[in-house]
Amino acid sequence: VLRLVQLSLADGPEDDSCICELLERPDVLEKEKRARWMVHSLEYGILSTISTRLPGAPFGNVYSFVDGLCDTSTGTPYFYGTYMDQSFKDMLANPQASLTLTEASLPSLCASTKALKSCSSHSGRGDPENPVCARLTLTGTLVEIEADDGEYEMAQQALFQRHPVMQYWPKNHEWIIAKLDIEDIWFIDYFGGASILDVKEYYHTDLFPAPESD
């Protein structure tokens with residue numbers, strides 16, 4: 001517990017290095033690839049469920065996530081949570097959920113990551129609501145992963161790599177790992193309205209293509 005408190009009260013990072021190297025931002029015309037890039041690159045979003053505390057009302061909660069290790073991308077968001085938390089209490093009653101991401105959160109990755117001008121109101125040219133500051137909402141079903149499943153080991157390794165403090169969280173909270181099985185993708189990264197992306201095309205996109213053989 002003392003170690004957790006010390007980590008929580010730390011003033012900031014010891015250096016400007018990122019846990020993962022930020023991949024190049026895909027072209028605006030490559031919408032599925034840019035959506036995958038956001039899911040792989042960003043570290044938190046708003047996880048929305050149907051509330052059991054306020055029946056029928058939507059409930060949004062900031063949640064950290066990963067889609068794989070730094071050098072791999074599954075496209076599927078994985079969460080480290082507990083049934084003590086409202087979002088996972090909601091999941092038990094209704095597993096339908098959505099995860100909303102914004103490029104405006106890029107500066108949280110590390111001290112050296114600058115905000116996009118399209119996302120920054122301080123630039124005088126942008127705003128988080130600016131269509132050019134990409135927003136992504138993944139909707140689907142939250143599914144708990146069994147601890148004896150190989151997928152659990154992969155997800156836990158990725159979560160602890162990219163969110164190191166998680167490994168120090170209190171064990172008596174009975175942490176679980178869940179994933180969002182994506183059924184719908186809403187995406188906007190330019191003027192002219194949002195796009196509904198094809199889920200199969202989204203998963204078919206590869207952020208880490210195999211090197212070409214000679």
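Hi everyone, let's start with the cysteines: this structure holds three disulfides, a disulfide being a pair of cysteine sulfur atoms within 2.5 Å. Before going on, please note that this is a predicted model, where local features need pLDDT of at least 70, side-chain atom pairs count only at pLDDT 80 or more, and totals for chains, interfaces and linings use all residues. Residues are numbered from 1 along each chain as its sequence is written, and side-chain values use heavy atoms, with hydrogens and water left out.

Counting bonded cysteines along the chain, the pattern is 1-4, 2-3, 5-6.

Cys 18 is joined to Cys 110, S to S 1.8 Å. Cys 18 sits in the loop between α1 (2-8) and α2 (31-41) and Cys 110 in the loop between β4 and β5, so this pair ties together parts 92 residues apart in sequence. Helices here are DSSP runs of H or I with at least four residues, and strands are runs of E with at least two, numbered from the N terminus. Cys 110 is buried at 7% relative accessibility, while Cys 18, at 30%, is partly exposed; buried means under 20% relative accessible area, exposed over 50%, and partly exposed in between, with a 1.4 Å probe and protein chains only.

Next, Cys 20 bonds to Cys 70, S to S 1.9 Å. The torsion about their S-S bond is about -70°, so that disulfide is left-handed.

Finally, Cys 119 and Cys 133 are linked at 2.1 Å, S to S. Here the torsion is about 105°, so the disulfide is right-handed. Cys 133 is buried, with a relative accessible area of 0%, and Cys 119 is buried at 6%.
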